[in-house]
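Visitor: I would like to learn how to read a model like this one, feature by feature. Where shall we begin?

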Amino acid sequence: MILVALLLATQVVVQDPRLERLDPETRSSVVAIVDSARGMRLPSEPLVQRALEGATKGAGAPRIVAAVRRLATDLGTVRTALGEGASTPELEAAVAALRAGASTHVLTNLRTARRGPLTMALSVLADLVASGVPADSAAAAVLALAPNARDADLVDFRRAVERDISLGAPPGASAAVRALNTGVRDATATADGQPPPRPPRRP
Amino acid sequence: MGIDRVETGDAELVRRVRAGDIGAYGALVARYRDRLGRYAVHMIGDREDAEEALQDSFVRAYRSLERCYDPARFGAWLYGILVNRCRTTGARAARRRRLFVYDAEALTGASHPDAMERLEWTDAVERALARLAPEYREAFLLKHVEELEYEEIAELTGDGISALKMRVKRARAQLQKFLREAEHV
Amino acid sequence: MFEHDDDIVERMIRQLRRPVSLDPGLAARVMGEIAAPAHPGKKRTWPWLAAAAAAVLGAVVIAHPWTRGSTTSTDAFQFVLMAPQAASVSLVGDFNDWDPARAPMQTAHGVWATVVPLAPGRYRYAFLVNGVEWRADPAAPNAIDDEFGTPSSVVTVAGRGS
């Protein structure tokens, strides 16, 4: 009896007042997900924000709960790939990259390839894919730039590729050629290490 | 907004700005942005620096609008401000790598190898430009790309016409050489 | 494919004459700078943006150090939307709990703007027009997922020293 009472006592968690915006049914499901995420030492803020986004947009309970649950799962996946020390911004950016099509291998390789926070590199990867660059081209380009490019360089790169695409460039070609000419070798290698296709020689 | 899409001359727009209609300056910005932006990007060779130079020039032109003595030739006056602004940036940007400058026609095309070749040509062009001395590049761009008359170029750069002609001639000769070299890589 | 010497320069000139793409937010930035009160050393508030012509295509995110040397590491970002027909526009996103009441935008001549401080991180956001219409930011990257069926954009703020 005492054991049960103790267990119940430890289950009582102070609830985030912002979740009051959710209807009770949604709220209890979301709270449960948030609590279990906290238990796994995953950040809760992204989950709360996702729930609030759904609330503001008038989404129904099942949709909100599904979105929050999916995010919690993905946060766990990327945390495994990036390691325990990953910050919340890194994890959020990593989820975006994952959903853009980057494999967990890419995430792990990026961790090895780049010192300092990965937030911008991962964001740029996701943003490139959102602009139409194929996921493996985006991953290859970011991995190639990762060792030496500053965050600002990565942003420049992303903007440059987006401009190219808005002018009609084939997205994969733009990303590959730009990464190549940033002075990095092997930029057109795919993320899993295949050699690049050779461009045709000029007559 | 008070500005219609029918071509209102520069002189009228300047008059309105001077009368307090800031929105009329927006029409001038829209009118000259692409042309001046093109010059800045090719001259400086770095898109971010070029945009910064362009932005600064527009702002400076607005703030010193009373010194535009011939509002009908606002464009030429604005070019002069930009050319000078690009001269100061040129020195800073010299050590940075030059980025590609793409354009629509070079890039539309279905197959990957064609796109690569076009991008390489565009790159060769920019690299050849980068190898020119700044005063040669400036003269070449103003004459052949911006298609200004030598008299106009002389006015906004403060250089003599014969000196400008010589620079353009030498620029062409050098560019020929650079482009030929690039072909044989 | 032997090209006459002069022709290669002419080909280059044709190449250079082609339009160059510029940041669509540039005109808005120019107009914003012109309209802003020039008070160096003070907090810069940009409540009004003067009209820019049709060249102002979309929105722009500009970083301005809010206070130099402050202990909280946030920079102020300006969000801008061209929406001449709108009666109200709110900025909502991960940085303000998606609460439309938190960042109502100010307007002048069809250009809506607001400034928010942002700590380093990646933020999804969108504009809510007239309380009902969701718009992504035309000049920002699109958010990958729109699980709720409406478009969103992303802004990523770099950490200091990165």
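Visitor: Which residue stands opposite Gln78(C) in strand 5 of chain C?

Guide: Two strands pair if DSSP finds at least two bridges between them. Here Gln78(C) stands opposite Val115(C) in strand 5 of chain C. Strand 2 (residues 75–82) of chain C pairs with strand 5 over 8 bridges, in the antiparallel sense. Strands are DSSP runs of E, at least two residues long, and helices are runs of H or I, at least four, numbered from the N terminus.

Visitor: What should I know about the numbering and the model itself?

Guide: This is a predicted model, in which local features need pLDDT of at least 70 and side-chain atom pairs count only at pLDDT 80 or more, while totals for chains, interfaces and linings use all residues. Residues are numbered from 1 along each chain as its sequence is written, and chains are lettered from A and ligands numbered from 1 in the order in which they are written.

Visitor: How many bridges join strand 4 of chain C to strand 5 of chain C?

Guide: Strand 4 (residues 106–108) and strand 5 of chain C run antiparallel, joined by 3 bridges. Thr107(C) has Trp112(C) as its bridge partner in strand 5. The hairpin of these strands has 2 residues between them, and His109(C) takes a positive phi near 55° there.

Visitor: Why is strand 5 of chain C described as largely enclosed?

Guide: A residue is buried if 20 or more other C-beta atoms lie within 10 Å of its own, exposed if 12 or fewer, and partly exposed in between, with C-beta atoms placed from the backbone. In strand 5 (residues 111–118) of chain C, 6 of the 8 residues are buried, so the rest of the structure largely encloses the strand. Of the 162 residues of chain C, 43% count as buried. Chain C has 2 helices and 8 strands, in the order α-α-β-β-β-β-β-β-β-β from the N terminus.

Visitor: What is the secondary structure of chain A?

Guide: Chain A has 10 helices and 0 strands. Buried residues make up 50% of its 203 residues.

Visitor: How do I read a pair of packed helices?

Guide: Two packed helices are described by the angle between their axes and the distance between the axes. Axes are lines fitted to C-alpha atoms, for helices over the stretch in contact, and angles run from 0 to 180 degrees between N-to-C directions. Helix 2 (residues 24–39) and helix 3 (residues 45–56) of chain A pack at about 165°, with axes 10 Å apart. These two helices of chain A are therefore roughly antiparallel, a label for angles over 145 degrees. The contact (C-beta atoms, placed from the backbone, within 7 Å) is made by Val30(A), Ile33(A), Val34(A) and Ala37(A) of helix 2 and Leu47(A), Val48(A) and Ala51(A) of helix 3.

Visitor: Which residues touch the most other members of the largest nonpolar core?

Guide: Nonpolar side chains tend to be buried together in soluble globular proteins. A nonpolar core is a set of buried Ala, Val, Leu, Ile, Met, Phe, Trp, Tyr and Cys residues joined through C-beta atoms within 7 Å. The largest has 152 residues, and Ala97(A), Leu125(A), Ala40(B) and Leu82(B) touch the most other members. Helix 2 (residues 22–44) of chain B gives the most to this core, 12 residues. Beyond its neighbours within four places in sequence, Ala97(A) contacts Ala102(A), Leu107(A), Leu122(A), Leu125(A) and Ala126(A).

Visitor: Is Pro117(A) buried, exposed or partly exposed?

Guide: Pro117(A) counts as partly exposed because it has 19 C-beta neighbours inside 10 Å. Pro117(A) lies in the loop between helix 6 (104–113) and helix 7 (119–131) of chain A.

Methods
Contact = placed C-beta atoms within 7 Å. Parallel < 35°, antiparallel > 145°, perpendicular 65-115°, else oblique.
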